[in-house]
Amino acid sequence: MAQKIVTVYTDDLTGEESQEAATHTFTLNGVSYEIDLGPDSYEQMLEAFSPFIRAGRKTGRVRSRVANRSTKGTGEETAEIRAWAKKNGFKVNDRGRVPVDIKEAYEKAH
């Protein structure tokens, strides 16, 4: 029996499938958020935040929890991580974000 794993990327705002969807992070009132958006939705988010960013003060950058993001396309990398995780006994969903602990375990193994 052969198994084929298909990863579908979905824009969290519109619910539409998009090969160009990427994960973006932002922090509000000390709470960090991640959202997967296609290019149009990301532009919409930037436009909405723009007046507040212009009026605000920079306080520094927040370090990413994922130390080393691959330069591969996010779709290809995510599919590889999911396949590796399942093969190595990790419980991982077929869609959505891959948990940070699984990404870190994958990076350590490679």
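The model is predicted: local features need pLDDT of at least 70, side-chain atom pairs count only at pLDDT 80 or more, and totals for chains, interfaces and linings use all residues. Residues are numbered from 1 along each chain as its sequence is written, and side-chain values use heavy atoms, with hydrogens and water left out.

**Overall fold**

The protein chain contains three helices and two strands, where helices (H or I, at least four residues) and strands (E, at least two) are DSSP runs numbered from the N terminus. Along the sequence, these elements follow the pattern β-β-α-α-α. Of the 110 residues, 22% count as buried; buried means under 20% relative accessible area, exposed means over 50%, and partly exposed lies in between (1.4 Å probe, protein chains only). Among contacts (heavy atoms within 4.5 Å) between residues at least 6 apart in sequence, 36% join residues at least 24 apart.

**Helix α1**

Helix α1 comprises 17 residues, 39-55. The distance from its first C-alpha to its last is 24 Å, close to the 24 Å expected at 1.5 Å a residue; the expected span is 1.5 Å times one less than the number of residues. A bend of about 45° occurs in α1 at Phe49, and a proline, Pro51, follows within four residues. The bend is the angle between axes fitted to the seven residues ending at a position and the seven starting there.

**The nonpolar core**

Nonpolar side chains tend to be buried together in soluble globular proteins. Here the largest nonpolar core has seven residues: Ile81, Trp84, Ala85, Val92, Val98, Ile102 and Tyr106. Such a core is a set of buried Ala, Val, Leu, Ile, Met, Phe, Trp, Tyr and Cys residues joined through side-chain atoms within 4.5 Å. Helices α2 (74-87) and α3 (100-109) each supply at least two residues of this core, and α2 gives the largest share, three residues. Apart from neighbours within four places in sequence, Trp84 is in contact with Phe90, Ile102, Ala105, Tyr106, Ala109 and His110.

His110 itself is found in the segment after α3 and counts as exposed, at 60% relative accessibility. Its side chain reaches the backbone oxygen of Tyr106 at 2.8 Å.

**Salt bridges**

Side chains of opposite charge can pair when their charged atoms come close. The structure holds two salt bridges, each defined as a side-chain nitrogen of Lys or Arg within 4 Å of a carboxyl oxygen of Asp or Glu.

| Salt bridge | N to O distance |
|---|---|
| Arg97 and Glu34 | 2.5 Å |
| Asp94 and Lys86 | 2.3 Å |

Arg97 lies in the loop between α2 and α3 and Glu34 in strand β2 (residues 31-37), so their pair ties together parts that are 63 residues apart in sequence. Arg97 is partly exposed, with a relative accessible area of 45%, and Glu34 is also partly exposed, at 31%. In the other pair, Asp94 is partly exposed at 48% relative accessible area, and Lys86 is partly exposed at 33%.

Ser18 is located in the segment before β1 (22-28) and is buried, with a relative accessible area of 18%. Not counting residues up to four places away in sequence, Ser18 touches Tyr9, Gly38 and Pro39. The side chain of Ser18 also reaches the backbone nitrogen of Ala21 at 3.3 Å.

Asn29 is placed in the loop between β1 and β2 and counts as exposed, at 75% relative accessibility. Most residues other than glycine have a negative phi. The phi of Asn29, by contrast, is near 55°, a positive value in a residue other than glycine.

Key
Polar contact = N/O pair within 3.5 Å; in protein donor to acceptor, adjacent residues only side chain to side chain.
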